Amino acid sequence: MRLLLFALLATTLVAQVSNEELLKGPNQDWLSYIGDYSAHRHSPLAEINPRTISRLAPKWVRNFVGTGDLETVPLVYQGVMYATITNEVFALDAATGREIWHYRAQDARRTAVNRGVAMLGDQIYFETADCHLVALRRTSGAVIWDREPPLRWRSRTRSLSVLLPPARLALFPPSPRRPAKKHGAYGPSRTRESRVRRPGAISR
Amino acid sequence: MTYRWTIALLPYLCLAQLDRVGPPNSNYALLKNPAAVEAGQKRYLQLCSGCHARNGEGGQGEGQGPNLITSWEVRRAQDRDLYGFIKNGVKGTTMPAFALPDDQIWEMAAFVRSLNAPAISVPVPGDAAAGEAVFFGKAGCSRCHTVLGRGGYLGPDLSNVGATRRLSEIREAIVNPKAEATPGYRPVLLEVSKGARLRGVARHESNWSLQVLDERGNLHLLHGAEMQKAQFQSRSWMPAAHLPADEMQNLLAYLSRRTVRGGAN
């Protein structure tokens, strides 16, 4: 009976991305913009190595119409790839490149490159160029919420990725605040991440 | 020094503001007045429906009026342009000029605008809260459709339907749904284990792969021979709704206010 109940639960629940998985870092999945929280952006997969690299061949190609500048770091979870262009998210079958769902922020007022989404549980977090933070259902692409930016951010344009801090975990002590550079170099100083402590509550 | 910088940056600041100006179809001032829309509808039925048909879907055959619901010219036109089309006619077409008092022409323009505008910018009578209860209860819409994360998986998300669809489209989709599902929602029965089948929709299909979302919200990526697990069904999962008139109106009031980016209510 217990087994039956377990089997029933297992089939009714959508697979959840857990904090532990986010902390563990990349394996066959790639669950955050920077790979893991040490930000090495290194995959431990060994199939592609100096001996096999000459045999790499393109499997599929996808053109994102309407963008000339693709800077997204696609996340991959259970064979689905989540890629972004400005104000749009695509869920693609990673094996074939076929589109499973597509979300467009209909009335976004600005455009800018986008660097990718974050995921936790069965949700995807995405930031539009006009600073709206949007949560989408991971498997269907349906909107769960859309949060307006704070008033002082209304006129800003964002071209970043969303990064989730691991909940209830203090691996890294908060760094002392540094004064913002006047002319930030292209790179880390510009990539400030939006933070979602738990779905629904935002601090930036 | 700061002053000089300000002068130098001024053109860029002005340019930066440009993208905040909405598209030309955002001029819906007329629609704020439901009485005008209603009065316009009465006059439209007398004067315009002969060529443009009762609901504005346009006439059949030569010399008949175009479809006012989907017309790009109507959507793009400012309110004063619509006024001009009715007052002066349209040169080179069979659209005549109407010698009516100004306020009556404005009312007709308001009605024509209401045919074309997204549901959120049109006043819709009915009780949206009661409509929500119908959506999540009696009518069973939420078994397949979601609104802000609540609901099922077999139908499109309706969280932003007020901003993306016209009122007439929403009504038509409920009362008279097409037998054939829209692309991305073709119905399949999916064999998940021996003898167990789930309803699902093919979010994408090709000769080599099939991406199915099942009714429990799980994705199934089927490649090659695995595709045989999915059997296509001939009719869309969407049934026609049979609701009393007042519940239907409440449901329309609820759905037409659904937008993810404010503007609601």
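Two salt bridges are counted between chain B and chain A. A salt bridge here is a side-chain nitrogen of Lys or Arg within 4 Å of a carboxyl oxygen of Asp or Glu. One such pair is B:R261 with A:D130, with the closest N and O atoms 2.8 Å apart.

A word on the model before I go on. It is predicted, so local features need pLDDT of at least 70 and side-chain atom pairs count only at pLDDT 80 or more, while totals for chains, interfaces and linings use all residues. Residues are numbered from 1 along each chain as its sequence is written, chains are lettered from A and ligands numbered from 1 in the order in which they are written, and side-chain values use heavy atoms, with hydrogens and water left out.

Back to the interface. Chain B and chain A also share 9 residue pairs in polar contact, both residues at pLDDT 80 or more. A polar contact is a pair of N or O atoms within 3.5 Å; within protein, one must be able to donate a hydrogen and the other to accept it, and residues adjacent in sequence count only if both atoms are side-chain atoms.

Which elements of chain B give two or more residues to the side that touches chain A? They are helix 8 (161-164), strand 4 (196-205), strand 5 (209-214) and strand 6 (219-223). Helices (H or I, at least four residues) and strands (E, at least two) are DSSP runs, numbered from the N terminus. That side of chain B divides into 8 nonpolar, 12 polar and 6 charged residues. Nonpolar covers Ala, Val, Leu, Ile, Met, Phe, Trp, Tyr, Cys and Pro; charged covers Asp, Glu, Lys and Arg; the others, Gly among them, are polar.

In total, 26 residues from chain B and 32 residues from chain A take part in the contact. Contact means heavy atoms within 4.5 Å. The buried area is about 2,400 Å², and carbon and sulfur atoms give 51% of it. That area is the accessible area (1.4 Å probe) that two parts lose on being put together, summed over both.

Now A:D146, in strand 8 of chain A. Buried or exposed? It counts as buried, because its relative accessibility is 14%, and buried means under 20% relative accessible area, exposed over 50%, partly exposed in between (1.4 Å probe, protein chains only). Its side chain makes a polar contact with the side chain of A:H132, at 2.6 Å. Leaving out residues up to four places away in sequence, A:D146 touches residues including B:V260 and B:R261.

Next, the cores. A nonpolar core is a set of buried Ala, Val, Leu, Ile, Met, Phe, Trp, Tyr and Cys residues joined through side-chain atoms within 4.5 Å. The largest has 44 residues, and A:W101, A:Y103 and A:L136 are among those with the most contacts inside it. Strand 7 of chain A gives the largest share, 4 residues. A second, separate core of 22 residues includes B:Y44, B:L68, B:M108 and B:V122.

Last, chain B itself. It has 10 helices and 7 strands. Of its 265 residues, 43% count as buried. One of the buried residues is B:S256, at 0% relative accessibility. B:S256 lies in helix 10 (residues 245-256). Its side chain reaches the backbone oxygen of B:A253 at 3.1 Å. The side chain of B:S256 also makes a polar contact with that of B:R257, at 3.4 Å.
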